[in-house]
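Morning, everyone. Please take a look at the structure on the screen. I'll walk you through it in a few minutes.

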Amino acid sequence: MSKTVLTIDDSRTMREMLNHALVQAGYTVIQAVDGIEGLEVLQANGADVVITDINMPRLDGFGVIEGVRANPDHRATPILVLTTESDAAKKERARAAGATGWIVKPFNPIKLVEAVRRVAA
């Protein structure tokens with residue numbers, strides 16, 4: 001049975017690139033355009049791994065991480081942050097909120113899939 005990855009990004013191009021890389025690697029992909037929709041989609045469908053951008057309208061990636069961690073059903077769900085940000089303070093804030101890992105855009109599809117495999121194991 002394939003694992004499900006929820007990708008949350010306000011960029012349609014980025015969602016398409018993530019979808020392509022993950023589907024080719026055998027994952028089922030569900031998508032959301034911002035943090036609020038992301039939490040709704042996660043609640044409705046569940047996911048084995050969440051990949052979220054940081055800078056998004058309505059609810060940013062930090063809010064997503066906190067929202068996922070606040071839900072007992074998803075407390076242990078791995079969360080990968082995919083962002084153009086490489087600021088150490090933001091990485092630390094994401095880690096403190098409960099992020100599992102950090103991937104900087106533009107991403108390498110092979111490394112992305114390896115990271116998802118590692119956290120989904």
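I'll start with the overall fold, then turn to the charged pairs.

First, a caution: this is a predicted model. Keep that in mind throughout.

Now the layout. The protein has five helices and five strands. Read them from the N terminus and you get β-α-β-α-β-α-β-α-β-α.

What about overall size? Along the principal axes, the C-alpha atoms fill a box of roughly 30 × 30 × 25 Å.

How much of the chain is buried? Buried residues make up 49% of the 121 residues. The protein exposes about 6100 Å², and carbon and sulfur atoms supply 51% of that area.

Next, contacts. Take those between residues at least 6 apart in sequence. Of these, 61% join residues at least 24 apart.

On to charges. Side chains of opposite charge can pair when their charged atoms come close. How many salt bridges does the count give here? The count comes to six. I'll show you three of them.

Start with Lys105 and Asp9. Their closest N and O atoms are 2.8 Å apart. Lys105 sits in the loop between strand S5 and helix H5, and Asp9 in the loop between strand S1 and helix H1, so this pair ties together parts that are 96 residues apart in sequence. Are these two buried or exposed? Lys105 is buried, at 14% relative accessible area. Asp9 is buried too, at 1%. There is also a network here: salt bridges link Asp9, Asp53 and Lys105.

Arg58 is in the loop between strand S3 and helix H3, while Asp34 is in the loop between strand S2 and helix H2, so the pair ties together parts 24 residues apart in sequence. Arg58 counts as exposed, with 57% relative accessibility. Asp34 counts as buried, with 6%.

Glu92 counts as partly exposed, at 42% relative accessibility.

Last, the rings. The count of aromatic pairs comes to zero. But look at Phe62. Arg93 lies over the face of that ring, 3.7 Å from the ring centre.

How values were computed: Residues are numbered from 1 along each chain as its sequence is written. This is a predicted model: local features need pLDDT of at least 70, side-chain atom pairs count only at pLDDT 80 or more; totals for chains, interfaces and linings use all residues. Side-chain values use heavy atoms; hydrogens and water are left out. Rings of Phe, Tyr and Trp (its six-membered ring) pair if their centres lie within 6.5 Å; planes under 30 degrees apart count as stacked, over 60 as edge-to-face and the rest as tilted. A charge sits over a ring if NZ of Lys or CZ of Arg is within 6 Å of the ring centre and within 35 degrees of the ring normal. Helices (H or I, at least four residues) and strands (E, at least two) are DSSP runs, numbered from the N terminus. Buried means under 20% relative accessible area, exposed over 50%, partly exposed in between (1.4 Å probe, protein chains only). Contact means heavy atoms within 4.5 Å. Accessible areas come from the Shrake-Rupley method with a 1.4 Å probe; for residues, only the protein chains shown count as cover. A salt bridge is a side-chain nitrogen of Lys or Arg within 4 Å of a carboxyl oxygen of Asp or Glu.
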